[in-house]
Amino acid sequence: MSAPLASSLALGEVVAEAEFALSRDTLVRYAGASGDFNPIHYRDDVAASVGLPGVIAHGMLTMGLAVQPVVDWLGGDAGRVLDYQVRFTRPVIVDPVDGAAVTVVAKVGRIDEAGARIDLTVTFAGETVLGKAQVVVRLDA
């Protein structure tokens, strides 16, 4: 699959959507891969002791999941991502039984000669968890 052409895009067009299921197992696996063993990501008592409503997903895990639909839309070529920024606005609480579902919607926010800015709406339980989530991508003319 190749990357889309800049000329084929329209402002506001949805180019990718995805939903990611997170479980406590997901968090443990991510902790092992990232080396982030902060207990707020796997122990309810520690999360509660710092004022959190429950165990939360790693912010970098959420950020990484959020860009994946864009990379897939780019034909799997992560090298076309020129810049990626987010602000963490709300934690993703991962229930021990039901887990959590993070939804990503990617829309074209800007098109120029360098490529496009893709604006991400990333939500959990109906609330935005990443603010000003923007991916700048290189596209073919």
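## Pairing within the sheet

Over how many bridges do strand β3 and strand β4 pair, and in which sense? In this predicted model, β3 (residues 100-112) and β4 (residues 115-124) pair in the antiparallel sense over ten bridges. The two strands form a hairpin with two residues between them, and V102 has F124 in β4 as its bridge partner. On the β1 side, β3 pairs with β1 over eight bridges, again in the antiparallel sense, and here E19 stands opposite T103 in β3.

Taken as a whole, the open sheet consists of five strands in the order β1-β3-β4-β5-β2, with antiparallel pairing. Because β1 (14-22) and β2 (81-88) stand at the edges and each has a single partner strand, one side of each is left without a neighbour in the sheet. On average, neighbouring strands are turned by 20° against each other, direction ignored.

## The helix across the sheet

Helix α3 (residues 59-73) lies across β1, β2, β3, β4 and β5 (127-137), and it runs at about 140° to β1.

## Salt bridges

Side chains of opposite charge can pair when their charged atoms come close. The structure holds seven salt bridges, among them one between the side chains of D44 and R24, at 2.9 Å from N to O. Since D44 lies in helix α2 (residues 44-49) and R24 in helix α1, this pair ties together parts that are 20 residues apart in sequence. D44 is partly exposed at 36% relative accessibility, whereas R24, with a relative accessible area of 17%, is buried.

Another salt bridge joins the side chains of D140 and R80, at 3.3 Å from N to O; it links distant parts of the chain, with D140 in the segment after β5 and R80 in the loop between α3 and β2, 60 residues apart. D140 counts as partly exposed at 35% relative accessibility, while R80 is buried, its relative accessible area being 10%.

In a further salt bridge, between D119 and R117, the closest N and O atoms are 2.6 Å apart. Here D119 is partly exposed, with a relative accessible area of 23%, and R117 counts as buried at 18%. Salt bridges that share partners also join D77, R80 and D140 into one network.

## A nonpolar surface patch

On the surface, V28, F37 and Y42 form a nonpolar patch, and together they have about 310 Å² of accessible area. Of these residues, V28 has its place in helix α1 (residues 24-34); V28 is exposed because its relative accessible area is 53%, and exposed means over 50%.

Notes:
Residues numbered from 1 in each chain as written. Predicted model: local features only at pLDDT ≥ 70, side-chain atom pairs only at ≥ 80, totals over all residues. Heavy atoms only, no water. Pairing = 2+ DSSP bridges. Helix = DSSP H or I, 4+ residues; strand = E, 2+ residues; numbered from the N terminus. Axes fitted to C-alpha atoms, helices over the stretch in contact; angles between N-to-C directions. Contact = heavy atoms within 4.5 Å. Patch = residues over 30% accessible without salt bridge, like charges linked within 9 Å, V, L, I, M, F, W, Y side chains within 5 Å. Areas by Shrake-Rupley, 256 points an atom, 1.4 Å probe, with all protein chains shown as cover. Salt bridge = Lys/Arg side-chain N within 4 Å of Asp/Glu carboxyl O. Buried < 20%, exposed > 50% of the residue type's maximum accessible area, 1.4 Å probe, protein only.
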